[in-house]
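Here are my notes on the model you sent. They run from the overall fold to single residue pairs.

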Amino acid sequence: MELQPYLTAVAEDLDRATSLADDATREVVHRIAPAVEPAVRLAILQALSDAAASLTSQLEESVVTVRMEGRDPVLEVRHLGTGEDGRPAAPTAPGDHGPRTAELDETDATQSRVSLRLPDQLKLTAERHAAAAGQSLNTWVVQAVRTATRAAGPEGPGRRTTPHRSRRVTGWA
């Protein structure tokens with residue numbers, strides 16, 4: 001997705017907004033516009049990332065991701081396969097580029113905001129995994145929580161009604 005047309009539109013809007021201003025004000029705006037471009041680009045990217053996470057939470061058999069190609073974001077929709085039990089297949093760990101999904105209550109479209117405190121090293125590791133998966137950290141964490149809660153089953157950890165071969169989780173819990 002080419003962001004330059006949107007950035008140009010913002011700069012043109014600033015020009016129009018200051019068209020009746022004095023020369024000194026217009027000159028300041030002409031200097032500020034290129035300086036704020038990275039912040040506008042980042043805000044657009046965050047909006048795309050949030051939109052991808054929102055769409056993914058509403059899709060049962062697809063995942064929407066945002067990855068970067070140079071300075072421009074690329075939106076991807078990946079269809080998920082199904083596992084042996086007929087449910088959508090899940091990756092063994094976030095960042096393995098495998099399919100991802102969640103069991104959602106389709107009638108619940110609400111989202112919650114959570115503040116999460118992580119040790120610095122864990123956050124850096126999570127950011128590396130997210131980047132390798134072509135996802136924002138937020139999207140990657142959402143997928144990790146979905147995978148972990150799906151693995152725990154509806155009864156919660158340790159209360160499975162079906163046999164489970166191993167309780168060992170490595171690398172990303």
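1. A contact here means heavy atoms within 4.5 Å. Take the contacts between residues at least 6 apart in sequence: 49% of them join residues at least 24 apart. Keep in mind that this is a predicted model.

2. The fold is quickly listed. The chain has four helices and two strands. Their order along the sequence is α-α-β-β-α-α.

3. Next, burial and surface. Of the 173 residues in the chain, 27% are buried. The chain exposes about 11,900 Å², and carbon and sulfur atoms supply 56% of that area.

4. Helix α3 passes a simple length check. It covers residues 120-132, which is 13 residues. At 1.5 Å a residue the helix should span 18 Å, and its end C-alpha atoms are 18 Å apart, so the two values agree. Just after α3 comes glycine 134, with a positive phi of about 70 degrees.

5. Look at the nonpolar surface patch. Val114, Leu116, Leu118 and Leu122 form it, and together they have about 380 Å² of accessible area. Leucine 116 sits in the loop between β2 (72-79) and α3. Its relative accessibility is 56%, and the cut-off for exposed is over 50%, so leucine 116 counts as exposed.

6. Now the charged pairs. Side chains of opposite charge can pair when their charged atoms come close. With nitrogen to oxygen within 4 Å as the cut-off, the count is nine salt bridges.

7. One of these lies within helix α2 (residues 23-58). Aspartate 23 pairs with arginine 26, with the closest N and O atoms 2.3 Å apart. The two are three residues apart in the helix, so about one helical turn separates them. Aspartate 23 is exposed, at 58% relative accessibility. Arginine 26 is partly exposed, with a relative accessible area of 26%.

8. A second pair is arginine 71 with glutamate 37, where the closest N and O atoms are 3.6 Å apart. This pair links distant parts of the chain: arginine 71 is in the loop between β1 (62-69) and β2, glutamate 37 is in helix α2, and they are 34 residues apart. Glutamate 37 is partly exposed, with a relative accessible area of 22%.

9. Arginine 67 also forms a salt bridge, with glutamate 76; the closest N and O atoms are 2.7 Å apart. Arginine 67 is partly exposed at 26% relative accessible area, and glutamate 76 is partly exposed at 25%. Elsewhere, salt bridges with shared partners join Glu37, Arg41, Arg71 and Asp72 into one network.

Definitions and conventions:
Residues numbered from 1 in each chain as written. Predicted model: local features only at pLDDT ≥ 70, side-chain atom pairs only at ≥ 80, totals over all residues. Heavy atoms only, no water. Buried < 20%, exposed > 50% of the residue type's maximum accessible area, 1.4 Å probe, protein only. Areas by Shrake-Rupley, 256 points an atom, 1.4 Å probe, with all protein chains shown as cover. Expected span 1.5 Å × (residues − 1). Patch = residues over 30% accessible without salt bridge, like charges linked within 9 Å, V, L, I, M, F, W, Y side chains within 5 Å. Salt bridge = Lys/Arg side-chain N within 4 Å of Asp/Glu carboxyl O.
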